[in-house]
Amino acid sequence: MSRELVLIGIGAGDPDWITLEAVRAIEEIDVQFVVLKEDELDDLVAARRAVIERHRTTPLRTVELRDPPRPWRTAADYNAAVAQWRSQRRAQWGAAVDAELADGRTGGFLVWGDPSLYESTLAIAQDLVAAGAGGDAPLSLRVLPGVSSALALAARHRIPLNRQGRAVQISPARLVRDGMPADVDDVVVMLDGRQTFAAIDPAGLDVYWGAYLGTADEILIAGPLAEVRDTILAARAEAATRKGWVFDTYLLRRRSP
Ligand SMILES: C[S@@+](CC[C@H](N)C(=O)[O-])C[C@H]1O[C@@H](n2cnc3c(N)ncnc32)[C@H](O)[C@@H]1O
């Protein structure tokens, strides 16, 4: 016999951004593992609950995994702090999976957007599977894609992410603090809590910005970065005050000569 973990991408906003495969998995899992992050947003918890209510016809057992605090925001050695946090998490999740997932059963994680993009859940699930590979009831892993915010952004702005025959980079904001990488013309920027777009040299750049994509609060702004960055800053600040949090993603595009 064996046990299975399934990471279910639920899309990054619109409840329709979920695949039929994911809908089937939600109906079939035996237990749901819910990761409670220290700064988890109520709206995201509610969104996951709504997905379950919509696609599950029977009650679902839920096991909560409380995340250890994230020390690296203040840590001197970022990589060491992340490694230590990961190992704490791995130990805690491993114990919970062993205790709660019986032989022959499937446990699910509902993951925002797509599980493969800026999500630590998948790396930890891989570690758990590797650790449990030789046991009496080995663990296997399935990953079900969902619509990522990066792709939702392109769809909402009705643009291709790449230009013909060219590459696209997907980057956390901290890696574009000094501007666009020298040899890249299109960068999708995620995880920007500091409005990095407004601090870089806007010469020659266009921006396609989206916040709360796929939700009733969605905001889209596009144009030359020099011209629209103040509009984005104002819209972002107003939304942050109103809602208490912001999720935004944007494409920085070097204008063609
Ligand atoms: C931890 S990452 C998760 C990404 C997710 N796995 C995905 O595929 O979209 C969170 C970041 O994704 C982006 N994001 C997620 N949902 C979004 C949405 N509805 N609108 C705009 N950006 C979003 C933001 O850049 C946010 O900081």
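View 1. Trp-209 has Ile-221 in S9 as its bridge partner, where strands are DSSP runs (E, at least two residues) numbered from the N terminus. The model is a predicted one, in which local features need pLDDT of at least 70 and side-chain atom pairs count only at pLDDT 80 or more, whereas totals for chains, interfaces and linings use all residues. Residues are numbered from 1 along each chain as its sequence is written, and side-chain values use heavy atoms, with hydrogens and water left out. Strand S8 (residues 205-211) pairs with S9 in the antiparallel sense over six bridges, two strands being counted as paired if DSSP finds at least two bridges between them.

**View 2. The sheet of mixed pairing.** Five strands form an open sheet in the order S6-S7-S10-S8-S9, with mixed pairing. Because strand S6 (169-172) and strand S9 (219-224) stand at the edges with a single partner strand each, one side of each is left without a neighbour in the sheet. From one strand to the next the twist averages 15°, with axes taken as lines fitted to C-alpha atoms and angles running from 0 to 180 degrees between N-to-C directions.

**View 3. The sheet of parallel pairing.** A further open sheet of five strands has parallel pairing and the order S3-S2-S4-S1-S5. Its edge strands, S3 (61-66) and S5 (139-144), each pair on one side only, and the twist averages 25° from one strand to the next. Strand S2 (residues 31-36) pairs with strand S4 (residues 106-111) in the parallel sense over two bridges, and Gln-32 stands opposite Gly-108 in S4.

**View 4. The shell around the ligand.**

**View 5. Backbone atoms at the ligand.** A polar backbone atom of Ala-12 is 2.5 Å from a nitrogen atom of the ligand, and a backbone N or O atom of Leu-213 lies 2.9 Å from a ligand nitrogen atom. At Asp-248, a backbone N or O atom lies 2.7 Å from an oxygen atom of the ligand. The protein covers 92% of the 570 Å² of accessible area that the ligand has on its own, as computed by the Shrake-Rupley method with a 1.4 Å probe.

Conventions
A polar contact is a pair of N or O atoms within 3.5 Å; within protein, one must be able to donate a hydrogen and the other to accept it, and residues adjacent in sequence count only if both atoms are side-chain atoms. Helices (H or I, at least four residues) and strands (E, at least two) are DSSP runs, numbered from the N terminus.
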